[in-house]
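Me: I'd like to go through the labels on this one and ask where each comes from. Can you set the values against the cut-offs for me?

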Amino acid sequence: MKLAYSPKEVCEAIGICRTKLYQHINAGKIQARKDGRDTVILKQDLDAFLENLPPYVQRERNKV
């Protein structure tokens with residue numbers, strides 16, 4: 001079981017681009033850590049981010 005992920009692994013796992021990931025990190029939505037030059041995201045921090053995302057609400061379509 002992995003305890004931490006690289007930015008590339010996070011992007012692949014949740015389907016976002018690297019720019020969007022770093023936007024979330026810089027906004028404080030995802031906690032990231034540094035190990036020298038490497039950035040890592042702990043599994044528990046990624047889980048917390050995903051759990052705090054708002055649920056998708058389906059909108060009604062306009063009927064023609």
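This is a predicted model: local features need pLDDT of at least 70, side-chain atom pairs count only at pLDDT 80 or more; totals for chains, interfaces and linings use all residues.

Me: What makes β1 and β3 a pair?

Reply: Two strands pair if DSSP finds at least two bridges between them. β1 and β3 (residues 38-42) have 2 bridges, in the antiparallel sense, so they meet that cut-off. Strands here are DSSP E runs of at least two residues, helices are H or I runs of at least four, and both are numbered from the N terminus.

Me: And how do you know that β2 pairs with β3?

Reply: Again by counting: 3 bridges join β2 to β3, and the two run antiparallel. K34 stands opposite T39 in β3. β2 and β3 form a hairpin with 2 residues between them, and G36 in the turn has a positive phi of about 70 degrees.

Me: Why are β1 and β2 called edge strands?

Reply: The open sheet has 3 strands in the order β1-β3-β2, with antiparallel pairing. β1 (4-5) and β2 (33-35) each pair on one side only, which is what puts them at the edges.

Me: Why does D45 count as buried?

Reply: D45 has 14% relative accessibility, so it counts as buried. D45 is in helix α3 (residues 43-51), and its side chain has a polar contact of 3.2 Å with that of R33. A polar contact is a pair of N or O atoms within 3.5 Å; within protein, one must be able to donate a hydrogen and the other to accept it, and residues adjacent in sequence count only if both atoms are side-chain atoms.

Me: What about K2, is that one buried or partly exposed?

Reply: K2 has a relative accessible area of 39%, so it is partly exposed. K2 lies in the segment before β1, and its side chain makes a polar contact of 2.5 Å with the side chain of E9.

Me: Last one: how do you know how α1 and α2 are oriented?

Reply: Their axes come within 9 Å and cross at roughly 105 degrees. That makes α1 roughly perpendicular to α2. Angles under 35 degrees count as roughly parallel, over 145 as roughly antiparallel, 65 to 115 as roughly perpendicular and the rest as oblique. The axes are lines fitted to C-alpha atoms, for helices over the stretch in contact, with angles from 0 to 180 degrees between N-to-C directions. P7, V10 and C11 of α1 and R18, L21 and Y22 of α2 make the contact, meaning heavy atoms within 4.5 Å.

Note on methods:
Residues are numbered from 1 along each chain as its sequence is written. Side-chain values use heavy atoms; hydrogens and water are left out. Buried means under 20% relative accessible area, exposed over 50%, partly exposed in between (1.4 Å probe, protein chains only).
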